[in-house]
Structure formats: C-alpha cells, structure tokens
Amino acid sequence: MAKRRRRINERSADRTRLRQPLLPLLVRHVEERYDHSRTLLEHASAAATDTPFTHAGRTYRRVLTEEDLTLARGGHRTPVRVRDDTGQLVQIEAEEEAAFWDWAAVETLRHSGARIEEMCEVSHVSIRHYQRNNGEMVALLVISPSKTDRERVIPMSAELFHVIASVIRRHTRNGSPVPILRRFDPHDKVWSPPMPFLFQRKIGSTRSVISPVTVLNMLARRCADLAEHHPAFRSVKFTPHDFRRIFTTELVNSGLPIHIGAALLGHLNIQTTRGYVAVFDKDVIRHYIAHLNERRQLRPDHEYRDVTSDEWDEFEEHFDKRKVELGACGRPYGTPCQHEHACIRCPMLQVSPKMISRLDDLEADLSTRRARAQSEGWAGELEGLDLTLQLLRAKRDDTQRRTQRPTIDLGIPTPRRTKEDQ
C-alpha cells in the first residue's frame, strides 16, 4: 500500500508540473473570450435593427428572426441576435452567458482552491466581511462542509472578490435578489434546503444550479479550442481538481506554511497537503515539519489561551505591514517575508493598477543594468536580471488585464418580500 501511495503521489506531482505552466494560457483564453462576447453584446444592444457595425475588425448586423417578430408582437422582450460577415447567425446573448460562467468558474477555482462541489455550493450567504478599526474591510468566503465535513473561512483576494461580485451583480442586475433554488447532492443523494446559490444559470425557462459535470465539460471544450493553436493542449486536459493542486503549489512555493495551507484547503491531515505539494524540494517540507515539532514542544497545551488586546493589535498591524510601494503583499499572518523583500520576484505581490507606470520605470532601470552586465560579461548578474525582467513583465501584463475588468456596482440591497407582504 505504501508503494502504491508513492506511485499515486508521483503521478499527481507530474500532472501538476505539466499543467502549471499551461494555466496562464487557459486563463487568458477564457478572459479574452468573455471580453469579446461582452463587448460584442454591448455594441449589438446599442445598434439598430439591420444596421451594420464593426467589432474587433469584423462586421456584424443586428437582425430579428421570425421568432423574434412573434415575440415583439406579443409584447415580449426579443433576444439580441447578429449576423457576422460570413452570414452566420450568432446568438450573442447565449454566447456571452456561456463565456461569463466559463470565466467565473475558472477564476473562482484558481483563486480559492475550493473543491468543485464546494464551489457549486457557494451561496450569497457565504459572503462575510471583517471590518478593522480603521474602517478597512477584509472580505471572507465561507466554504460549506464538503468532503471532510469541515467548514472553513478563507480570505478573498481582490481577484476572487471581483469574480464573486460579478456573479452577484449578474443575478441582481434587474433589481431582484439572487434566486433561491434547491440543489441535489449526487453524493449524499439528498436535496439541499432552498438557498441563494451563486453558481446558477437559466437555460430556456429552467433555472438550475451548475453541476460539477457541467464545469468539467466546459473545461474540456476550452482545452479543445486551445489545442488548435497550442499543441500542448492536444494531450492535456484540465479538471477542476487541477486548479486546487496548482493553487496549493503556488502557495507553498510562495513561502506559506504547510499547516496554514492545510487549513485553507480544508485538509484534516497535514500529510494530505504534503501530497499536494510533492513537486517541491523535500528539504523544505522536512525542515518545516521539524520546526513545527519544536514549536509544539516549546508551547504546552496550557499556554493556548484567549487572545489579549496587545496580541489583537499586533494582528491588525499585520495588514498595515503588508502594504508596499507597488501594492500589497499577500503573505499570511505570522509569516515573515520569504524573499528578502525582492517584491518583483515574489508571487505574493499584488500590484496596484496605479503603479503600472512605476513598473515601467523599473523595467527601464533593469534594462540599463542588463546592458551594462552584458558588456562587462557578468554572466551571473545577467541571469538574475533576465529573471527579474521576466517576472516584472508578467506582473505588469496581469495587472493590465485586471484593469480591463469592468467596475461592478452591486447596487442597494432590497429586503425580500414575505408572504404576509404579498
């Protein structure tokens, strides 16, 4: 059994190593697809019937089919349809809806590390917040008990919060609250109580919660699209659990302690988390396990007591110390900087969109230093500068892509009407 377990861990590590460098391509693909369909829908909605308009170098014309004319005569809303320059009829509303949920599923999975069942069970009441004394809001996401029957709370990054806010806004854009549905659990074979699930969509006249199989099929279609231009995707397919493993890989590679990673992932046993991060140097894990054992010996059980006011002030001060020149550091509480404050190289750095011009200045300075190192023959310095430039450009591209996201206005919430009010 031990030999079989090692072989399973090795295959999982190989799978993660193969898919981690391909994840940015998948993310860029679903983002571009959603941006294209969203802007095309905006242009088509503003265009008059039979009036041509241009989008992304192609000519489109909004049309009304016989079915649409029948709906219009009955006083019903007509869907937005266009014909492209090849004469093909495009159901742009349906395409935009599908592209949005593809983007939302990929972004939620890769930024939260949640299991696919946990993502499908996220509801409007799963959103929590913690307000600091200075008024700063820390967004939290409550993950319902799933595989391990263990509820957990994870802090939401800016990217994850934007996705969740976009989903909520899509459900409430007509002024109505998030619809309440019941979800069938295929594992427990029971129906859930009525809940405002976020990952739900309406197809035709039926509204239902998105199932794990739907997400799996979506990922298969997106990988098939990418395979036409990227040969690596011809033999590689993504599953929802691949995002969870890559999420763990990037966290531990950023210096996150393994026991904190286990808490974020909902693992009851730290050995399970170790299996997720088998792609790393074993010395890192060995030293950290030894560090945990030493700390446990130094801190007996009776020392675990209620937090004092000074300790709570120190905890709140941690959020202030995470603020750096280029944005914010995403390292968790109680962990020091693992990269000697080399923020450009640190994957935990969250660059502020206001500092993109500062990244341009840093790139110019690094390019000047690289030219000097190349002329002097400093091979070691040249290698380090090339790595820094590569990571700087990747961070800038990611920040610029985030700035293209539309601002989400959640509006003013309205109370639900009770049966007595009706």
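Glu 381 is partly exposed, at 37% relative accessibility. Its partner in a salt bridge is Arg 369, with the closest N and O atoms 3.3 Å apart. This is a predicted model. The count of salt bridges comes to 25.

- Arg 369 sits in helix α13 (residues 356-376) and Glu 381 in helix α14 (residues 379-403), so the pair ties together parts 12 residues apart in sequence.
- Arg 369 is partly exposed too, at 39% relative accessibility.

- Asp 242 pairs with Arg 15, and their closest N and O atoms are 2.7 Å apart.
- Asp 242 belongs to helix α8 (residues 240-253) and Arg 15 to helix α1 (residues 2-19), so the bridge ties together parts 227 residues apart in sequence.
- Asp 242 is buried, with a relative accessible area of 5%, whereas Arg 15 is partly exposed at 29%.

- Arg 81 and Glu 67 meet through their side chains in a salt bridge (3.8 Å, N to O).
- Arg 81 is in strand β3 (residues 81-83) and Glu 67 in helix α3 (residues 66-73); the pair links distant parts of the chain, 14 residues apart.
- Arg 81 is buried, with a relative accessible area of 8%, but Glu 67 is exposed at 52%.

**Network**
- Salt bridges link Arg 33, Asp 102, Arg 222 and Asp 225 in a network.

**Negative surface patch**
- A patch of negative charge on the surface gathers Asp 310, Asp 313, Glu 314 and Glu 317.
- Asp 313 lies in helix α12 (residues 309-321).
- Asp 313 is partly exposed, with a relative accessible area of 42%.

How values were computed:
Residues are numbered from 1 along each chain as its sequence is written. This is a predicted model: local features need pLDDT of at least 70, side-chain atom pairs count only at pLDDT 80 or more; totals for chains, interfaces and linings use all residues. Side-chain values use heavy atoms; hydrogens and water are left out. Patches are made of residues with over 30% relative accessible area and no salt bridge: like charges are joined within 9 Å, nonpolar side chains (Val, Leu, Ile, Met, Phe, Trp, Tyr) within 5 Å. Accessible areas come from the Shrake-Rupley method with a 1.4 Å probe; for residues, only the protein chains shown count as cover. A salt bridge is a side-chain nitrogen of Lys or Arg within 4 Å of a carboxyl oxygen of Asp or Glu. Lys and Arg count as positive and Asp and Glu as negative; His and the chain ends are not counted. The place of a charge is taken as NZ of Lys, CZ of Arg, CG of Asp or CD of Glu. Helices (H or I, at least four residues) and strands (E, at least two) are DSSP runs, numbered from the N terminus. Buried means under 20% relative accessible area, exposed over 50%, partly exposed in between (1.4 Å probe, protein chains only).
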